[in-house]
Amino acid sequence: MGYKPLALEKAIRIDEIYSVHYFEYGPDYAFTGESHDFWELVYADKGEVYVTAGQEEKLLKKGQMIFHKPGEYHNIRATGKDAPNIVIVSFACQSAAMSFFEGRTLTATDSDRVLMARIVEMAGDAFATPLDDPLSQELVRRENASFGAEQVIGLSLESMLLDMVRRGDSVVPGRPTSLIRERSQNEFLNRVQLYLENNIQRRLTLSDICRDNLVGRSYLQKVFREKTGGGAMEYFGNLKIQKAKEMIREGSHNFTEIAALLGYNSIHYFSRHFKKVTGMTPSEYASSVKVLARRGRGEE
């Protein structure tokens, strides 16, 4: 008797994707609204936004996500207090299990955030369409995309949705013993990241970070490289640039003031570092934010 294959049951299957966006909004951003015949996921990576779903407006806080079902009218607007970063993923899915997400606002777990970051990363790899273009209605494949990038997007999205349905409204309380080490590293990383955020205005050295957090240099670098893909100083530098982008979008300081507030020796060093990380000068970035705001209001 020969072996008989078993076709795997697909509780949630995604074969088509319409868009992947990562927007860095200004505090006064507002989108006029739309509806379409596919699902849309909105995730607040940083800051807060007001989201309209049908007839109801909700405050979406950092780390939360909301799903718009096909045909549901929705819009989004900044709160006017901060400059939020938002991920939007639109996709087609006919699976009955998707009814779980109707009308829900869910809080992302660590694993959800890892998968979300993977989706955004792979979208930048797979598609030539800019992730911050709100007018794009078709994804264009990148000629030199890495092997399997599109499939990774689909698998990551499916995995995240499956995990959410499986755990219901709450995070599973139990953790396997084998994850104790990883949990310890995550707690350490979170502690150092908070320290860096609280000292973003300083000119910290690697020795300063180790001394203030009572940790050896090798362990610090090991955890940061494993969890963030780079060293602690690289992370701190990127953190400064993210804060600089936020301050530029808020429009409350000029470039010289921002450089000083973030501990740069000069406006010239700040500008060079900004362009190295973002690919744009501070002035070019400020201009792109203004364009995004005009497009959100439906202006040319």
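**Entry 1**

I looked up phenylalanine 224 and found it buried, at a relative accessible area of 0% (buried is under 20%, exposed over 50%, partly exposed in between, with a 1.4 Å probe and protein chains only). This is a predicted model, where local features need pLDDT of at least 70, side-chain atom pairs count only at pLDDT 80 or more, and totals for chains, interfaces and linings use all residues. Residues are numbered from 1 along each chain as its sequence is written, and side-chain values use heavy atoms, with hydrogens and water left out.

I then checked tyrosine 235, which is buried as well, at 18%. The ring centres of phenylalanine 224 and tyrosine 235 are 5.5 Å apart and the planes stand at 65°, so I noted the pair as edge-to-face (rings of Phe, Tyr and Trp, the last by its six-membered ring, pair if their centres lie within 6.5 Å; planes under 30 degrees apart are stacked, over 60 edge-to-face, the rest tilted). Phenylalanine 224 belongs to helix H5 and tyrosine 235 to helix H6 (residues 232-250), so the pair ties together parts eleven residues apart in sequence (helices are DSSP runs of H or I with at least four residues, strands are E runs with at least two, numbered from the N terminus).

How many aromatic pairs does the structure hold? I have eleven in my notes. One of them joins phenylalanine 188 and tyrosine 219: centres 5.2 Å apart, planes at 55°, so it is tilted. Phenylalanine 188 sits in helix H3 (residues 180-198) and tyrosine 219 in helix H5 (residues 217-228), so this pair ties together parts 31 residues apart in sequence. Phenylalanine 188 is buried at 8%, while tyrosine 219 is partly exposed at 31%.

I also found a cluster in which ring pairs link Tyr264, Tyr269, Phe270, Phe274 and Tyr285. Lysine 240 lies over the face of tyrosine 264, at 5.8 Å from the ring centre (a charge sits over a ring if NZ of Lys or CZ of Arg is within 6 Å of the centre and within 35 degrees of the ring normal).

**Entry 1: strand E3**

Is strand E3 (residues 49-53) largely enclosed or open? Four of its five residues are buried, so the rest of the structure largely encloses it. I saw E3 pair with strand E4 (residues 56-60) in the antiparallel sense over five bridges (pairing needs at least two DSSP bridges). Valine 49 has leucine 60 in E4 as its bridge partner. Two residues separate E3 and E4 in a hairpin, and glycine 54 in the turn has a positive phi of about 70°. With strand E6 (residues 74-78), E3 makes five antiparallel bridges, and tyrosine 50 stands opposite arginine 77 there.
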